[in-house]
Amino acid sequence: MNASNAVSIMKNILILTDFSNESDELIETALEAFKDEACVFYFFHNYDYSMLGLDALSLLHDRTEYFEKKNLDVLIKMVKQSSYFIENNPSSLHKFKLLCRDGDFAVGVKEARIRFNIDLILMNTSGKDPQTKKFKEKKVNQVIEDNKECIVLTTPKNCKTSECPALEEIRLVG
């Protein structure tokens with residue numbers, strides 16, 4: 001097939017974000033790595049009320065202002081982060097979608113991968129909460145285990161995402 005008959009296949013890339021500087025850097029690097037390719041970037045944020053020590057009874061009794069404010073705070077952060085990258089992204093080949101959910105992190109990532117036919121999952125192994133290192137490692141391992149059908153690229157702690165050669169290799173292969 002020659003170049004004039006080539007069909008551009010849009011890549012679906014899921015970028016997991018916790019609104020940290022590391023997440024911003026990961027997004028920036030992904031946009032740069034795929035600047036010449038048609039992509040839909042899904043910015044995914046997951047929050048879990050059970051991690052706040054709230055059980056089902058607490059949720060039933062206090063499903064009012066606290067949770068509405070928490071949901072709104074997450075939405076505002078998501079819109080701010082994505083707006084910055086949308087406004088500063090020169091590529092007309094890119095589309096952006098926001099995914100935000102409450103519940104189990106690994107389950108949410110897997111559901112998003114299946115629902116949106118994700119080709120690549122990008123995530124940091126560090127972020128806003130260094131005191132939850134063991135929990136974060138468990139989440140990363142679970143995401144990798146649950147999503148063997150697609151590439152999961154993680155950036156390790158203390159590694160500049162912009163120095164990650166794996167994105168370039170994925171771009172060339174895929």
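Rings of Phe, Tyr and Trp (its six-membered ring) are taken to pair if their centres lie within 6.5 Å, with planes under 30 degrees apart counted as stacked, over 60 as edge-to-face and the rest as tilted. By this rule, 5 aromatic pairs are counted. In one of them, the ring centres of phenylalanine 41 and phenylalanine 96 are 5.8 Å apart and the planes stand at 25°, so the pair is stacked. Phenylalanine 41 belongs to strand β2 and phenylalanine 96 to strand β3 (residues 94-102), so this pair ties together parts that are 55 residues apart in sequence. An aromatic pair is also formed by phenylalanine 43 and phenylalanine 96; it is edge-to-face, at 5.8 Å centre to centre and 65° between the planes. Here too strand β2, which holds phenylalanine 43, is joined to strand β3, which holds phenylalanine 96, so the pair ties together parts that are 53 residues apart in sequence.

The model is predicted: local features need pLDDT of at least 70 and side-chain atom pairs count only at pLDDT 80 or more, whereas totals for chains, interfaces and linings use all residues. Residues are numbered from 1 along each chain as its sequence is written, and side-chain values use heavy atoms, with hydrogens and water left out.

The protein chain has 6 helices and 5 strands, where helices (H or I, at least four residues) and strands (E, at least two) are DSSP runs numbered from the N terminus. The order of these elements from the N terminus on is β-α-β-α-α-β-α-β-α-β-α. Of the 174 residues of the protein chain, 40% count as buried. Among contacts in the protein chain with a separation of 6 or more, 77% are between residues 24 or more positions apart, a contact being heavy atoms within 4.5 Å.

Two buried polar side chains were examined. Histidine 45 lies in strand β2 (residues 39-47) and is buried, with a relative accessible area of 10%. A polar atom of the histidine 45 side chain lies 2.9 Å from the backbone oxygen of threonine 17; a polar contact is a pair of N or O atoms within 3.5 Å, for which, within protein, one atom must be able to donate a hydrogen and the other to accept it, while residues adjacent in sequence count only if both atoms are side-chain atoms. With residues up to four places away in sequence not counted, histidine 45 touches Thr17, Asp18, Phe19, Val74, Met78, Leu99, Cys100 and Arg101. Serine 82 is found in helix α3 (residues 65-87) and is buried at a relative accessible area of 3%. A polar atom of the serine 82 side chain lies 3.2 Å from the backbone oxygen of valine 79.

In helix α4 (residues 105-115), the residues Phe105, Ala106, Gly108, Val109, Ala112 and Arg113 are buried. Seen down the axis of α4, these residues fall within an arc of 160°, so they line one face of the helix; the arc is that of the directions from the helix axis to the C-beta atoms. On the other side of α4, Ile114 and Arg115 are exposed. At the start of α4, a side-chain oxygen of aspartate 104 reaches to within 3.3 Å of the backbone nitrogen of alanine 106. The charged end of lysine 139 sits over the ring of phenylalanine 105, 4.5 Å from its centre, the criterion being NZ of Lys or CZ of Arg within 6 Å of the ring centre and within 35 degrees of the ring normal.

Most residues other than glycine have a negative phi. Asparagine 117, although not a glycine, has a positive phi of about 50°; asparagine 117 is placed in the loop between α4 and β4 (120-124) and counts as exposed at 55% relative accessibility. Phenylalanine 19, likewise not a glycine, has a positive phi of about 70°. Phenylalanine 19 is in the loop between β1 (11-16) and α1 (21-33) and is buried, with a relative accessible area of 14%.

Notes: Buried < 20%, exposed > 50% of the residue type's maximum accessible area, 1.4 Å probe, protein only.
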